[in-house]
Every structure is written in C-alpha cells, then in structure tokens.
Amino acid sequence: MQRTADEERAIAERIKRESAAGPSGAEIELRLLQLKYDALLAGADAKPRVTESLFKSVCSTDLLFLIDTTGSMGSYIEAGKTQVRNIMDDITAAFFEEATVRIAVVGYKDHKDKPNVEFLDFTSDVDRVKSFLDELKASGGDDEPEDVLGGINQALNATWKQQTRCIIHIGDAPPHGRTLYDKLRNGAAKSGSKAGGRDDYEEPGTEPHKLTFEPLIKRMVGLNINYALLRINNSTDRMAFEFLKVYANCAASSHCKLFNQNIYNTQARTVTANLSRSSSKRSAARAGLQFEEVQLGTTYNALRHLVVRSVTTSASRTAVRALDRDHKLDFDLDAIKEDEDMEEFSEKPLKTGLDSPPQWETPGWLDETIVAEAFSTNLINVSPTTGASSVKSPLDEMLSQTSSSMTSAISTTEVTIHRRSQPFAQGAMRVAAYARTANSTNKLVVKTFKKGGKRLAHMVEDMYCQALCKTFALEFNTLLGNDTAHSLDFIMVTCLKPKTASWSDVNIECLTLEPYIEGSYIKYNSNSGYVNDLSDYDQGTAPFPFAFLLSDAEKANNAAQAFSHFTFERSKGQLLISDLQGVGRMLTDPAIHSKDPERFKLADTNLGESGFKFFFATHVCNDVCKKLGLKSTARMIMNGNYEFREDWSTDASKAAAGGGTVCCSNKLCSRIVRIPSAATSATSEDAGLRVGGAGSVTSDKYPGYYWCDICLPQLESSKVKFICVARNGPHHEFEVSRFFYESQGRGVPRVCPGHEKDEDYVPQKAETSGLFGENGEEDDAAKKNTKEGRGVGSVLRKVFCLPGGVEKEKDGKK
C-alpha cells in the first residue's frame, strides 16, 4: 500500500514538473492578444514617414573641380571643357532630374605663376562654367611640386550649400613639403614647362601662404565634403595616403580607400580597418563621408564616368548622414555586429573576443539561463511552383497581407535559453551574446536592446520583414534553377520577452534570437544607393568554414543587386528590399522600402518611394537581372510609366522540375535548402544550396516537414519520455522529441498521440490564426475556446478596444 502511494506521489510530482513544458492554451491566447494590442499602440505612436523630399535634398549637389593647370595638364583641361555639360546632364539624369547641381572650379599653378589660383564660385549655369574653363591656360610650373594646398584652401572658401558636397581633384604633381612625397624625379622634368627634381619649399609650412595640409583636411571634413583624387601617375601616392590618414581619423569613417596600385594601399587599408573596430572614434555626423582615389590615367576618356560615379556614391553617403541625424539610424549592420561601431568586449577570464573562437562545447561557458516567451513567424513552406495556377503562391499571399494582418501568422511558446553573460559585441542600440536553446545544439546569438530602444511590436515587424525577404528568396532561388552560385538566403529572427517581464512595463527588455553565422561580413548595398564594387575585398579573410574567394564574392554581389531589383519587379513596384549584407550568401538585417506608407511604418530604414529612387540611381543591371527577365528601369522611375514582367509561373515550373527550394522546418534555423528530385528520401546527399547547408531531407515520422543536415539528427537525439495525462485510461509514458516541438514554436503535448483526438482533450492553440480572421474577427477555433467564459478574447477586447465586438453569451444575450 505504501509502495503504491509512493509511486502515485512520484507520478504526481513528475506530472507537475512536466506540466511546465509549455503554456496553456489560454495563456497563449492572452499573449497573442497582448502582442496585437502592443502592435496597435506602436502603430498609433509611430510618426508618419516624411521622405518625399529626402531624395531631392540629399542628391542636390555642390561639385567642385580642383585642377592643376600647369603645363602638363592641357589635355585634362580640354576634357573638362568638352565634357562639363555632359557631366552636368548625367548627374541630373542619375538623380531623376529632381536634384539641383551646382559646379565650381579652382585652377592652381605654383607660387611664381601669375595668377597663382583662379576661381569660379558655384553656379548652375553650365555656360558660365564652360566659359571659365575656356580662359584657363595650361602653363607655368617651376619646381616639381605645385601649390596644391593653396588650391584646396580656395576650394574650402567656396560658398558650399547643398547637402552632397564633392571635390574632384585632378593633378599630376604633389604639394610642396617633403612629408607629402617620397622623392622627386632627380632632374627629369615633366612634360610641359616644369623643371623637375627639386622643391623650393621643402619644409612644411614655409610656402608664402604658410599653409600645412592637416588643418585643411580637417576643415574639409568639418564642411562635410567628400574628396576624390583622380590619379594620373604615382607622384601623388604619398600625398593621397597622408591626406587619407587625416581625413579618415577626423571623419571617423572607414569609407576611405586608395587606388589598389598606390604603393601605400596596404597601409591605408590598415588605417580604415582599425577605425571600423574603434567605436570611440565614430561620429554619426561624419561617418558617411567618403575619400577615394581612382585611376584616371594618362588620357581623359574616363573623366565623365568617374565624376558621375563619385557624385552618386557621395550622395548615398550623404543620405546615411542625413538619416543618422534625423532618425538616429545605424546603417552598416554586421552579420554578428549590429553596425560599424559594434564594440568588442574583452572576455574574462577566458579573454575570448571576436578574434577567438567561442567555447561552445566548454561546460558552463554559456553561464546564464533565460526563460522567455518566444514569438516566431509561421513561414509557409510550400514550393512557389506547386498547386494550380489559380492558387496564390506563398509570396503572393504575403504580398497581399496588410499591416494589420501581419500578426495573423505568428506562434508563441516558451523557450529556455542558455547564453553567455558576457556579450561579445555591442552597438548603439543592442548588445550581442552567444547562446543556445535547452533542446538544440544549434549555435545562436541573443541580441538585447538597450533601454529606450524598440518595443516588442517593433521586433515583430522586423521579424515579419525578414520572413518576407525569405519568401522572396525562395522564389528567386527557384527561378534561377540549378544556378546555386547566385542563390541567397536570409536568417530568421525570433522575438523574446523574458517571462518575468510585465507587458505594462514601458522599459520591457526586448531580445531577439537568431542563428550565429560564422565568417567575414560583406555589405553588398545600402538602403540609400550604396553599391559595393568589391574593389577592397580581401579573400585572405574569406569566411570560415568554407573559402569565399573573390569570384564567389562577385557572384554573391551580382545576386544581391539583382535580388533588390527582383523584389521591386515581382511586387509590381510596391516594395523594394535593399541594405543587403551578411556572410557569403547568408544575409541579415535587410531594409524594405514600401510605396504604401502604412506598411512597415515602424521600420526606420523604410524610405518609401525615395528608397526606390536611391536604388535605381546607382543600379546597373547584370546578367542575373537579364536571366530573370527584369524590365523595370531607372527611366521608368523618372517618367512614372512602368513595365513589369507579368508571368512568373512558367520559368519557375521549369526550374523546379528537378526539385524546388524550401526552408528547414526548424523556426530557429529556417535555412533555405533544395528539395532533391526524390524528396522523400531521408538519406539524400544532394548538395543543395551552399548557403550554409546541404539539400533537404524528410522524416517519415514528421511528414510534410523538411530538415537541413544540422537539424535532422536532433529530432532523435532530443527524445524524452513523458507521462500521458489523458483523463481516460491509466498513466503511461510516450516518447516526445523536445527539439521538434521547440523547432515549431509549440509546447510539448501533454497526451500521447493515441489520446489527442479524445473529446475531453483540448490541445494548445499556438497561432494567432486561432484568434482572428483576416478581418479581425475571431475564427471558429477561437470561438470554441471563448464559450462559457473559458477564453480571454472577449475580456481583452473590452479592455483593449480590439476589433470584433463583444461575444454573445451562451443564452444568446449580449
């Protein structure tokens, strides 16, 4: 008798412990209603986006030509005369004829020449500029250096007004002062009237005007002027490097680079790399400035292209500064780091930072445990080519959703997370720490928003944005067929609220959980027109664990630019995804520009139609764009007459004939994997997308689910036994894969599969689709839970004034 009592007591204790495996259906319903209410509040508090004039104000440009006008420069002056009108027209066209462009010219010679400096202040009259250039004569020059500093000083004294400001410097000789050149040409005079081999003002500061270069470059930065040196020969290499060091440090900008054949290029890269790791030197007001040296060569044929490219690139940097100032944004987000000012922590006592591998397998290294309410999206995992043509594809389904229905595909559960208490990086808004969940071996990162940051509703919108990006990528990859070298993927984010935190707390700690991706970060484009040309890509820092060579990076870069274009075309001009960045072809933290001001209104990086213009101002279609048959162009943005590809199904069906693409069914993974032709085999070794995973496999025990090679083994390794708590029948054990239910954002079931269909058992409802239909009204599943006061929907509707009214009581009375 005592033994039976002890056994029953043990069973009761075990059931009590196991009952904590997940929230009840009522708790889930309450959480999702609270989330919807929080989203309504956040939407009501969100200020309207004012971006209509952003593009025009940012792209209006002051462009100053700083030209050496001594004897050897005659051909370049002539090029300026013949091309200045075309340059003005090209810049205006690149900015869709919305921007004001003004041009100024400074011509400099040497101290003994009269006049020494000639100057035309800013004007939008191209004829005035051409007339001024006609008066410039290529003559003079005595010793080899020229009065470059006098020319810069005059340039800085011009009447700068527009937001985008550029100096285009064209010269073939260094300034006076031995610190700005390595050696002169030992008497070998340059072509023209110059006598080479000496410097009459060798000591810095001894020129008649007493100028030195450091204060001038600092003043240039203070005026927010972008600087581009069009390199003619190597005599200016030392000057360019010395200018860059001062400019980069003063601007706290890593967007500074030399021509790759400049002998100081390696040292310059070290300077900018150190700056990108030093948050103490960051300045939001200056960080978008750009310093570059590009090769013009000994002819002037490239002048027009280089000037226009420099101006458009500078405008994209100006947008970063303007948005930083107006909205406190951080744009250059890293795959692991939040942005360029992410600061490394020194780990104690292990001293583990970004340069040392995390100690994933060291017991106790993940030394902090969090129990959190987790919210994740229910991404529709269906091939975009399956089903009848009349049935909407998953992408079309997501595109048709409104902002108010975004929460209709969210599930919630509880998750236990083990994380490193010492973060490995931090940014202006977030700190990042290594983590794992209790039921999985997947490597993750927890990012915690600092106080005063975003609310949970903002996190949910970001989560939905990344789910939409993932859905676009599924179709993009399927359309490319077997061209996996251009396939892309996006990480998925899960939002977390600590279980101990109250919804009423305005300073509630908001966290996100996402996959940890190893490797070197590449930013392919920004949400304000920046395009990576990979000119400074170093394959020596190729991402671990697989080599990502320059050829791989070029393919990924082309794919990223084409993907942004594809999203605009596929959505028929309603959306455009940009700000693409990540490790290899695994991308993170994208921005979505929306034509509808009510969509993604909580996202600071949504620039609306201005975002469309920023992208097309710098986009050049590549082979991937052509393969996809994309028709939209920058000209259409200008005239408003759009032409889009209409039929996407035919090519997609052909591409998917040998197997489409799906997401791994683990919501904390969701890597895109390729379905082999025979997708039912659990042992398929199809290489699939090399975006960090192999081809998908399925399991007979979990029909309809797909798994990557990392997640599949965990279905079995995480199995435990629970006691079935069905009301009829004796207590008995059944086997459960903790990993499976955690991967689906669902609580572990409390009854065995054989009792799930019992009438007395009501399973947990974990999705908002069980709460609201598309019109905000309760669906049948939710109404069943609200009968006789069992649900919380009616109460919360009254309290929160949610749509749907008050439910009828059982007797039919209101």
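# Reading a predicted model

User: How many residues of helix 6 are buried, and what covers them?

Analyst: An α-helix has 3.6 residues a turn, so residues three or four places apart point the same way. In helix 6, seven of the nine residues are buried, and the helix is mostly covered.

User: Which elements have the highest and the lowest mean pLDDT?

Analyst: Helix 6 (residues 148-156) has the highest mean pLDDT, 97, while helix 21 (residues 793-800) has the lowest, 40. For the protein, the mean is 76, and 71% of the residues reach 70 or more. Residues 382-390 have pLDDT below 50, and this stretch makes 14 contacts in the model beyond near neighbours in sequence.

User: In what order do the strands of the open sheet lie?

Analyst: Strands of a sheet pair through backbone hydrogen bonds, either parallel or antiparallel. Here seven strands form an open sheet with the order 3-2-1-4-5-7-6, and the pairing is mixed. Strand 3 (117-123) and strand 6 (256-257) are at the edges with a single partner strand each, so one side of each has no neighbour in the sheet. Helix 8 (residues 237-251) packs on the sheet and touches strand 4 (164-171), strand 5 (226-231), strand 6 and strand 7 (291-295). The direction of helix 8 makes about 165° with that of strand 5.

User: In which sense do strand 1 and strand 2 pair, parallel or antiparallel?

Analyst: Strand 1 (residues 61-68) and strand 2 (residues 101-108) pair in the parallel sense, over eight bridges. Leu-64 has Ala-104 in strand 2 as its bridge partner. For the antiparallel sense, look at strand 18 and strand 21 (residues 591-594), which pair over four bridges. There, Leu-575 has Ser-594 in strand 21 as its bridge partner.

User: Which way do the side chains of strand 18 point?

Analyst: In a regular strand the side chains alternate between the two faces of the sheet. In strand 18 (residues 575-578), Leu-575 and Ile-577 point one way, Leu-576 and Ser-578 point the other way, and all are buried.

User: Why is the pair of Phe-241 and Tyr-264 stacked?

Analyst: A pair of aromatic rings is described by the distance of the centres and the angle of the planes. The protein has 35 aromatic pairs. The centres of Phe-241 and Tyr-264 are 5.0 Å apart and the planes are at 5°, so this pair is stacked. Phe-241 lies in helix 8 and Tyr-264 in the loop between strand 6 and helix 9 (265-276), so the pair ties together parts 23 residues apart in sequence. Both Phe-241 and Tyr-264 are buried. Trp-360 and Trp-365 have centres 6.2 Å apart and planes at 70°, so that pair is edge-to-face.

User: Is Phe-96 buried or exposed?

Analyst: Its relative accessibility is 6%, so Phe-96 counts as buried.

Terms used:
Residues numbered from 1 in each chain as written. Predicted model: local features only at pLDDT ≥ 70, side-chain atom pairs only at ≥ 80, totals over all residues. Heavy atoms only, no water. Pairing = 2+ DSSP bridges. Helix = DSSP H or I, 4+ residues; strand = E, 2+ residues; numbered from the N terminus. Contact = heavy atoms within 4.5 Å. Axes fitted to C-alpha atoms, helices over the stretch in contact; angles between N-to-C directions. pLDDT = per-residue confidence, 0-100. Phe/Tyr/Trp six-rings, centres within 6.5 Å; stacked < 30°, edge-to-face > 60°. Buried < 20%, exposed > 50% of the residue type's maximum accessible area, 1.4 Å probe, protein only.
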